[in-house]
Amino acid sequence: MADEVVLLDVWASMFGMRVRIALAEKGVEYEYKEENLRNKSDLLLQMNPVHKKIPVLIHNGKPICESAIIVQYIDEVWKDKAPILPSDPYERAQARFWVDYIDKKVYDTWRKMWLSEGEEHEAGKKELISIFKLLEETLGDKSFYGGDTFGFLDLGLIPFYTWFYTFETFGNFKMETECPKLMDWVKRCMQKETVSKTLPDEKKVYEHVLGMLKAIRESNH
Ligand SMILES: N[C@@H](CCC(=O)N[C@@H](CS)C(=O)NCC(=O)O)C(=O)O
């Protein structure tokens with residue numbers, strides 16, 4: 001029997017993009033279901049009752065939640081093609097460490113910068129830039145975080161690229177100036193069809209964020 005694979009997602013989600021890239025890398029066919037986070041579907045609430053967040057992968061009726069865990073699951077289930085995690089245990093642990101670092105730092109710091117003004121905004125902006133500088137330093141002179149090939153950490157970080165324009169516009173800085181080597185890495189990743197075909201247009205993401213901001217402001221009044 002063929003696998004039944006369903007993805008509950010939101011197009012602009014960097015976490016959802018990770019899963020879409022992983023499925024594309026493995027050549028897995030799936031049904032994509034766009035969620036409305038302001039009116040979550042019963043299916044989402046039922047499949048992710050703990051966090052009630054996207055992305056959720058439903059494989060033959062069973063849910064898997066949390067993007068980094070989903071990507072590792074995909075790599076284990078469809079193991080014959082395009083390995084994502086490094087085979088070496090130490091390298092695997094390192095890649096997991098940095099994906100965990102991204103998960104703990106990037107989104108929250110961006111929100112801190114985005115939704116504040118004055119000193120707090122400036123502190124958030126500085127912190128966001130320092131996070132990307134550290135990630136750039138971690139890449140070093142390698143082509144990809146996975147060495148010569150695109151791997152788990154590459155996949156965990158590249159979706160944030162579609163948000164760089166939004167980060168830059170709200171923060172008034174340029175990633176190209178702050179992290180030129182990281183931007184070279186972005187260009188290498190974008191040469192991969194599984195990445196370039198998955199990532200949405202950066203301006204569209206920005207418009208989406210403006211819409212979210214408007215909704216937040218309206219709900220505060
Ligand atoms: N750590 C989670 C984060 C997922 C996440 O933050 N999803 C957001 C959209 S980008 C969400 O579903 N938010 C809905 C909510 O918080 O109610 C992952 O990696 O999957």
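Biologist: How many Å separate the centres of domain 1 and domain 2, taken over C-alpha atoms?

Modeller: The bounds of a domain come from an automatic or database domain assignment. For this protein chain, that assignment gives domain 1 as 5–77 and domain 2 as 89–215. Their centres, taken over C-alpha atoms, are 21 Å apart. This is a predicted model, in which local features need pLDDT of at least 70 and side-chain atom pairs count only at pLDDT 80 or more, while totals for chains, interfaces and linings use all residues. Residue numbers start from 1 along each chain, as its sequence is written.

Biologist: How many residues does the contact take from domain 1 and from domain 2?

Modeller: Two residues are in contact if their C-beta atoms, placed from the backbone, lie within 7 Å. The contact takes 12 residues from domain 1 and 16 residues from domain 2. On the side of domain 1 that touches domain 2, α1 (14–26) and α3 (67–77) each supply at least two residues. The largest share of that side, eight residues, comes from α1. Helices (H or I, at least four residues) and strands (E, at least two) are DSSP runs, numbered from the N terminus.

Biologist: What is the order of the strands in the open sheet?

Modeller: Strands of a sheet pair through backbone hydrogen bonds, either parallel or antiparallel. Two strands are taken as paired if DSSP finds at least two bridges between them. Here four strands form an open sheet in the order β2-β1-β3-β4, with mixed pairing. β2 (31–34) and β4 (62–65) stand at the edges with a single partner strand each, so one side of each has no neighbour in the sheet. From one strand to the next, the twist averages 20 degrees; axes are lines fitted to C-alpha atoms, for helices over the stretch in contact, and angles run from 0 to 180 degrees between N-to-C directions.

Biologist: Which strands run parallel to each other, and how many bridges join them?

Modeller: β1 and β2 run parallel and are joined by four bridges, with V6 opposite E31 in β2. The chain passes from β1 through α1 to β2 in a right-handed β-α-β crossover.

Biologist: Which residue stands opposite V5 in β3?

Modeller: V5 faces H59. Strand β1 (residues 5–9) and strand β3 (residues 56–59) run antiparallel, joined by four bridges. β3 also pairs with β4 in the antiparallel sense, over four bridges. There L57 stands opposite I64, and I58 has P63 as its bridge partner. In the hairpin of β3 and β4, two residues lie between the strands, and N60 takes a positive phi near 50 degrees.

Biologist: Which residues surround the ligand?

Modeller: A residue is near a molecule or strand if its C-beta atom, placed from the backbone, lies within 6 Å of it. The residues surrounding the ligand include V10, S13, F15, K52, K53, I54, P55 and D103. The shell divides into six nonpolar, two polar and four charged residues. P55 lies in the loop between α2 (42–47) and β3, and the peptide bond from I54 to P55 is cis, with omega near 0 degrees.

Notes: Ala, Val, Leu, Ile, Met, Phe, Trp, Tyr, Cys and Pro count as nonpolar, Asp, Glu, Lys and Arg as charged, and the others, Gly among them, as polar. A crossover is right-handed if, with the strands pointing away from the viewer, the path from the first strand over the helix to the second runs clockwise.
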